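Thanks for coming. I have one structure to show today, and I will keep to a few points about it.

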Amino acid sequence: MATAAAGALGLLWGWLWSERFWLPQNVSWADFEGPGDGYGYPRARHILSVFPVAAGIFSVRLLFERFIAKPCALHVGIQDSGPYPNAILEKVFLSITKYPDEKRLEGLSKQLDWDVRKIQCWFRHRRNQDKPPTLTKFCESMWRFTFYLCIFCYGIKFLWSSPWFWDIRQCWHSYPFQPLTSGLYYYYIMELAFYWSLMFSQFIDIKRKDFLIMFVHHLATIGLITFSYINNMVRVGTLVMCLHDASDFLLEAAKLANYAKYQRLCDTLFVIFSAVFVVTRLGIYPFWILNTTFFESWEIIGPYPSWWLFNGLLLILQVLHVIWSYLIVRIAFKALIRGKVTYPGRIRPRLCTLHSFLISFFFSMPGGSWTVSSLACKCICASSVQ
């Protein structure tokens with residue numbers, strides 16, 4: 001029985017790492033055993049180094065949110081406030097109802113000698129405690145903004161001195177025998193470790209309604225980055241990662257402005273984010289990235305099974321880019337139009353749903369991270385508020 005199980009496991013392992021699937025013709029895994037230059041060639045075992053790095057990133061995040069992000073939030077007036085503690089109301093909230101009717105409110109008013117409006121306010125604040133507080137969301141967004149901005153700047157600095165940034169056909173010259181450099185290795189490991197840290201943090205952060213959706217997204221993102229690393233498509237992978245990082249920090253910056261109630265700054269950042277997103281995802285990505293992965297790579301190295309899978313995933317990503325761009329532009333356009341509308345007694349942009357729209361976003365390379373259904377729901381809500 002044990003022998004049969006071992007044989008089945010061996011067959012599964014052989015199928016999983018089939019050279020016919022992963023590598024071009026006349027190339028085997030043994031060809032990558034040589035040292036090459038720099039860090040050698042990408043190997044699956046390198047991925048194991050991601051986990052201690054991810055744990056380190058998560059630890060840095062906890063320190064960052066406590067000692068840097070939280071003081072910044074308090075400085076701009078975001079308070080971690082809740083209802084006044086009251087044992088009687090807490091007991092009613094937990095044991096009887098979270099939405100007391102008029103009769104119960106009157107009874108509690110007499111019992112506590114509180115105004116009915118004050119009791120209603122207490123229950124409303126208490127219900128809001130079950131949602132992520134603004135302070136927590138500000139700290140999380142500030143951490144992501146800092147990481148995205150740093151990794152984007154690092155990516156630009158690294159790619160600026162890389163030959164394939166200036167001549168994208170260099171992504172396929174001598175493929176798959178393209179040795180790693182230290183800069184390329186650290187870029188990939190840091191990106192992958194960050195998304196693993198997001199996977200860890202989901203289980204201890206405040207639970208949100210999109211927990212399962214974001215879990216699947218992070219898993220898909222990790223899979224795509226890992227796939228391109230094992231397949232040694234790291235050169236084009238760095239371009240895709242940097243391209244997606246270009247708009248990530250702008251979205252997080254818009255969130256921060258929104259949480260701090262700097263509405264004009266939030267609106268401006270969101271419009272800039274929308275423009276950068278559309279240019280990178282509908283312009284640069286298809287005409288630069290997809291052009292080289294489909295046509296130039298076909299000409300230089302030719303197709304093979306994992307090549308088809310990799311390009312198929314990139315093409316699916318482009319379809320999602322089109323959908324997301326349409327929804328984002330619609331929101332940005334409404335923001336601009338409503339910002340010019342004069343309401344009785346005041347002028348203000350009617351973007352009261354922008355907050356809920358922004359906090360439902362979280363996207364990054366290479367899979368994007370929005371869920372189309374939730375995003376569409378936010379857009380419908382925004383369009384219905386007049």
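Predicted model: local features only at pLDDT ≥ 70, side-chain atom pairs only at ≥ 80, totals over all residues.

The protein has 386 residues, and buried residues make up 46% of them. Its secondary structure comes to 15 helices and 2 strands.

Now the helix pairs. Look at α4, residues 87-95, and α5, residues 102-112. Their axes come within 11 Å and cross at roughly 160°. Are they parallel or antiparallel? An angle over 145 degrees counts as roughly antiparallel, so α4 is roughly antiparallel to α5. The crossing of these two helices, α4 and α5, is right-handed. On the α4 side, the contact is made by Ile 88, Leu 89 and Val 92. From α5 come Arg 104, Leu 108, Gln 111 and Leu 112. Sorted by type, the residues in the contact between α4 and α5 are 5 nonpolar, 1 polar and 1 charged.

The second pair is α7 and α11. Helix α7 covers residues 134-160, and α11 covers 234-259. The axes of α7 and α11 come within 8 Å, and the crossing angle is roughly 150°. By that angle, α7 is roughly antiparallel to α11. What is the handedness of this crossing of α7 and α11? It is left-handed. The contact of α7 with α11 divides into 17 nonpolar, 4 polar and 6 charged residues.

On to the backbone. As background, most residues other than glycine have a negative phi, and most peptide bonds are trans. There are a few places here to set against that background.

Go to the loop between α8, residues 163-166, and α9, residues 182-201, where Pro 176 lies. The peptide bond from Tyr 175 to Pro 176 is cis, with omega near 5°. Ser 174 lies in the loop between α8 and α9 too. Phi of Ser 174 is positive, near 65°, and this residue is not a glycine. Is the serine buried or exposed? Ser 174 is exposed, at a relative accessible area of 57%.

Lys 261 is the other residue to look at for phi. Here phi is near 65°, again a positive value in a residue other than glycine. Where is Lys 261? This lysine is found in the loop between α11 and α12, the latter being residues 263-300. Lys 261 has a relative accessible area of 69%, and the cut-off for exposed is over 50%, so Lys 261 counts as exposed.

Terms used: Residues numbered from 1 in each chain as written. Heavy atoms only, no water. Helix = DSSP H or I, 4+ residues; strand = E, 2+ residues; numbered from the N terminus. Buried < 20%, exposed > 50% of the residue type's maximum accessible area, 1.4 Å probe, protein only. Axes fitted to C-alpha atoms, helices over the stretch in contact; angles between N-to-C directions. Parallel < 35°, antiparallel > 145°, perpendicular 65-115°, else oblique. Left-handed = near helix turned anticlockwise from the far one by under 90°. Contact = heavy atoms within 4.5 Å. Nonpolar A, V, L, I, M, F, W, Y, C, P; charged D, E, K, R; others polar.
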